[in-house]
Amino acid sequence: MYQVPHFIHGERVLSKGKTGDIYNPATGEVIGQVGFADKTIVDQAVLAAKSAFTTWSETTPLKRARILFKFKALLEAHIDELAAIITREHGKTLVDAKGSVQRGIDVVEYACGIPNLLRGSFAENVATDVDSYSLRQPLGVCAGITPFNFPVMIPLWMFPISIACGNTFVLKPSEKDPSCSIRIAELAKEAGFPDGVINVVQGEKEAVESILAHPDIKAISFVGSTAVAEHIYKTATSHGKRVQAFGGAKNHAVVLPDADLDQTVDAIVGAAYGSAGERCMAIPVVVAVGDNLADVLIEKLKPRVTALKIGAGDEPNSEMGPLVTKAHWQRVKNYIDLGVKEGADLVIDGRPFKKGNGFYMGGSLFDKVEPFMRIYKEEIFGPVLSIVRVPDFQTALQLVSAHEYGNGTAIFTRDGEMARTFASLVQVGMVGINIPIPVPVAYHSFGGWKRSMFGDVHMHGPEGVQFYTKLKTVTVRWLKNPKGTEFGMPTH
């Protein structure tokens, strides 16, 4: 048993009061506890960040970048350690965990270019003897509230860019797998970030509500469910904060008859069942276009799904680990029960799969799923794949675009014209063409549309720099021939 603390002003801080259990999903055992922050703890963390802001914001971008380079090197040196912590508390396989850490490191690497990313623009003689230039300046104290499924990657999508821009940061990770947040904060301190620049508070609702209402927090980034994302957006913006809140998803893979079906099935199996489906960019819906294509896909999918190697994330050759908690396992099971009641055809039932006391579930596959069904409309966030049959491309395009979520989608085809039309017209924020999980690389920006995102500015990449800075425009004239009082609007 171990206890996960907070991290405030460069020090581990243990809180008294309410705690939560931390489970190893592979065994079902309680392996640790995490103390939940109350308003007092949140206030301490924000005060530490606010106190550090003045000095840190005046540190040159080049000096910030040099510390970020050291942080990147430390993350790379400890990537196996971080992956092991993720596997222990979340359950995903080591190879998947390590890959997610690397995608976070990629954003740190992007943030290392902050001296160039913060360059403004300059225009000479915008009027006679008048020049104008722009600056991007930090906001102050920023906060991030992150989900259980990527306990390293998503925090690294947030705070490195924020602090590179000159802000200070308070991170509130998921209480289900909180240990990584402390480890990366310690590595940041080792890299040379001053105390108070990065702080971590553990907890649940009280900690979140304290962050949303705190007057000294200027911006909040969130990733989680749509219901919570909407609450965070409305609450925090009502307190005058800048907010980017990323919610749920129901990503479709449209398969056209001309696709390479063997490669397509390979892609779908990994995207639907990898990380036990606990990804906001997973593929839980396949849209099979045309007569009999669904039948062919199902015959190719069935042996692959039944042969999934399911086991502890640190076991050799495991392809899919357990779900994160017993409660989440029950939630996914309830959706499978519901799909049967709604009339979908359960081709493969993953519910009976057992392995010790771990939170394991096999892969499930539904056919003949209809758009009115809840298993189609709602995010299941588990190893459940649904097949929807449509007669033609236009129907597929309309189906995907009509869904309330607009996070990601993919199309599998050899037809360049159809792929281009789909990418251009589909009402979804991230599109893959023969790529099942189109998560943008670090120097592009991540974000969906519709009820998958609340706010206007996406995460990391150029829009990440925009989110964590405010624009200032300076117009200047050094008078050499005073003109006297002017009452009109200057135009030349």
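**Exercise 1.** How many aromatic pairs does the structure hold?

Before counting, note that this is a predicted model, where local features need pLDDT of at least 70, side-chain atom pairs count only at pLDDT 80 or more, and totals for chains, interfaces and linings use all residues. Residues are numbered from 1 along each chain as its sequence is written, and side-chain values use heavy atoms, with hydrogens and water left out.

*Solution.* Step one is the criterion: rings of Phe, Tyr and Trp (its six-membered ring) pair if their centres lie within 6.5 Å, with planes under 30 degrees apart counted as stacked, over 60 as edge-to-face and the rest as tilted. With that, you get 13 aromatic pairs. (Helices, H or I of at least four residues, and strands, E of at least two, are DSSP runs numbered from the N terminus.) Finally, Trp56 and Phe193 are both buried, meaning under 20% relative accessible area with a 1.4 Å probe, protein chains only.

**Exercise 2.** Classify the pair formed by tryptophan 157 and phenylalanine 446.

*Solution.* Take the geometry: 4.9 Å centre to centre and 50 degrees between the planes, a tilted pair. Then the locations: Trp157 belongs to helix 6, while Phe446 is in the loop between strand 20 (430–433) and strand 21 (449–450), so parts 289 residues apart in sequence are tied together. Both Trp157 and Phe446 are buried.

**Exercise 3.** Which residues touch the most other members of the largest nonpolar core?

*Solution.* Start with the term: such a core is a set of buried Ala, Val, Leu, Ile, Met, Phe, Trp, Tyr and Cys residues joined through side-chain atoms within 4.5 Å. Among its 70 residues, the answer is Phe71, Leu75 and Phe193. Next, see who contributes: helix 6 (residues 153–164) supplies the largest share, 9 residues.

**Exercise 4.** How do the axes of helix 4 and helix 6 cross?

*Solution.* The axes of helix 4 (residues 94–111) and helix 6 come within 8 Å, crossing at roughly 10 degrees. That makes the two helices roughly parallel, the class for angles under 35 degrees.

Technical notes. Buried < 20%, exposed > 50% of the residue type's maximum accessible area, 1.4 Å probe, protein only. Axes fitted to C-alpha atoms, helices over the stretch in contact; angles between N-to-C directions. Parallel < 35°, antiparallel > 145°, perpendicular 65-115°, else oblique.
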